[in-house]
Amino acid sequence: MPPECQLFGTLGCHLCELAEAELMPLVEHGLMVELVDIADSQQLFDSYGLRIPVLRRVDTGAELGWPFDAEQVVAFLR
């Protein structure tokens, strides 16, 4: 079973929408991704405001920055 992930982004972010689209086929195959809006937290905004979208593994804290494709995400999750 793949690890749970978080996707840091915000509403109206075109790149975040592209990242979500890349992740959807993996979600359909069991990947759990929590969408985290960085606008809800000043700390998250300070950490990720210039880097979104960022995919983060909950188990290890490892991060994969945009741009990424489905193949890179699969390799990141191994």
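Buried means under 20% relative accessible area, exposed over 50% and partly exposed in between, with a 1.4 Å probe and protein chains only. The model is predicted: local features need pLDDT of at least 70, side-chain atom pairs count only at pLDDT 80 or more, and totals for chains, interfaces and linings use all residues. Residues are numbered from 1 along each chain as its sequence is written, and side-chain values use heavy atoms, with hydrogens and water left out.

**View A. The disulfide of Cys 13 and Cys 16.** A disulfide is a pair of cysteine sulfur atoms within 2.5 Å. The count comes to one. Cys 13 and Cys 16 form this link, with sulfur atoms 2.5 Å apart. The link is right-handed, with 75° about the S-S bond. Cys 13 counts as buried because its relative accessibility is 13%. Cys 16, at 3%, is also buried.

**View B. Cys 5, in no disulfide.** The nearest cysteine sulfur, that of Cys 16, is 15 Å away. Cys 5 has 0% relative accessibility, so it counts as buried.

View C. Strands (E, at least two residues) and helices (H or I, at least four) are DSSP runs, numbered from the N terminus. Two strands pair if DSSP finds at least two bridges between them.

**View D. Strand 1 beside strand 3.** Residues 5-9 and residues 54-57 pair in the antiparallel sense over four bridges. Leu 7 has Leu 55 of strand 3 as its bridge partner.
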